[in-house]
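I opened this model to look up a few helices, a core and some single residues. My entries follow in the order I made them.

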Amino acid sequence: MSINENVQLVQQKMQQASEKSFQKKQVQLIGVTKSVSSQVASVLLEAGITALGENRPEGLSEKQAALGREACEWHFIGTLQSRKVRQIIDQIDVLHSLDRLHLAEEINKRAKRPIDCFVQVNVSGEASKQGISAEDIHSFLHEIGQYPKVRVIGLMTMAPLTENQEEVRSVFRALRVLRDEVAARNLSYAPCTELSMGMSSDYEIAIEEGATHVRIGTVLVQS
């Protein structure tokens, strides 16, 4: 299948999953281009993708040099080292991996404008995954209030790599419950209305459980 056909198929499956979801909010498809060339990224944009996700500063710079800063929305989806914040923070629209206070401090110091961020939560508790524990999210957000250039629009997580769909679903559901708790606090700097969860192998389950942003790469570019 061509990239254009892949995009259409994913969008169709997203729509079907949305119809099963209790929420009727538009879900944003982020095309993850961390492992493909700028040429392939360009084809994704031509196929209708409006947001691209990169996980390395070097990859982001390369894609933007080839495609242009205004070509689409740019999302940074990987772990961001504090020393690399200066390099990318004003070149992205959304950060999906806010996971420590020192990073928030550095963003606040370097950004020229408030940055929309997802706080990364390690819902599954796996040692191999980054993120704030669910138990610490409220205290973490309390501290974030001191950084006016950090705006928490939602929470992000990654489900375990397992074929057990109920285990995957439970992780996504737990993040939604946590998001609702945060949103209920009505924090001006953390409206927390969004959920970034779901990748190529589990985006349909994520959407059924309330995802507002899905990060998809492999199934968009495979032939």
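Predicted model: local features only at pLDDT ≥ 70, side-chain atom pairs only at ≥ 80, totals over all residues.

**Entry 1: helix 2**

I looked up which residues of helix 2 are buried, and found S38, A41, L44 and L45. Seen down the axis of helix 2, these residues fall within an arc of 110°, so they line one face of the helix. I recalled the general rule: an α-helix has 3.6 residues a turn, so residues three or four places apart point the same way. On the face turned away from the buried side of helix 2, I found the exposed residues Q39 and E46. I then checked what covers the buried residues of helix 2; the cover includes helix 1, strand 2 (51-54), helix 3 and helix 9 (218-221). Just after helix 2 I came to G48, which takes a positive phi of about 110°.

**Entry 2: helix 2 against helix 3**

At what angle do the axes of helix 2 and helix 3 cross? For helix 2 (residues 38-46) and helix 3 (residues 57-67) I read roughly 65°, with the axes coming within 10 Å. The crossing of helix 2 past helix 3 is right-handed. From helix 2 the contact uses S38, A41, S42 and L45, and from helix 3 it uses E62, K63, A66 and L67. I sorted the residues of this contact by type and got four nonpolar, two polar and two charged.

**Entry 3: helix 6**

I repeated the search for buried residues on helix 6 (residues 137-144) and listed I137, F140, L141 and I144. These cover an arc of only 95° around the axis, which puts them on the same side of helix 6. Their cover includes strand 4 (94-98), helix 5 (101-110), strand 5 (115-120), strand 6 (150-156) and helix 7 (165-183).

**Entry 4: the largest nonpolar core**

Which residues touch the most other members of the largest nonpolar core? The core has 62 residues, and the ones I wanted are L98, I107 and V119. Helix 7 gives the most to this core, with six residues.

S18 lies in helix 1 (residues 3-20). Is S18 buried or exposed? S18 has a relative accessible area of 17%, so I wrote it down as buried. Apart from its neighbours within four places in sequence, S18 is in contact with Q23, K24, V27 and I207.

I placed V219 in helix 9. V219 and N4 are 215 residues apart along the chain, yet their C-alpha atoms are separated by 11 Å. Not counting residues up to four places away in sequence, V219 touches N6, V10, S200 and Y203.

**Entry 5: two positive phi values in a loop**

I found N186 in the loop between helix 7 and strand 7 (194-196). Its phi is near 55°, a positive value in a residue other than glycine. N186 is exposed, with a relative accessible area of 67%.

C192 also has its place in the loop between helix 7 and strand 7. The phi of C192 is near 50°, again positive in a residue other than glycine. C192 has a relative accessible area of 0%, so I recorded it as buried.

Definitions and conventions: Residues numbered from 1 in each chain as written. Heavy atoms only, no water. Helix = DSSP H or I, 4+ residues; strand = E, 2+ residues; numbered from the N terminus. Buried < 20%, exposed > 50% of the residue type's maximum accessible area, 1.4 Å probe, protein only. Contact = heavy atoms within 4.5 Å. Axes fitted to C-alpha atoms, helices over the stretch in contact; angles between N-to-C directions. Left-handed = near helix turned anticlockwise from the far one by under 90°. Nonpolar A, V, L, I, M, F, W, Y, C, P; charged D, E, K, R; others polar. Arc of directions from axis to C-beta. Core = buried A, V, L, I, M, F, W, Y, C linked by side-chain atoms within 4.5 Å.
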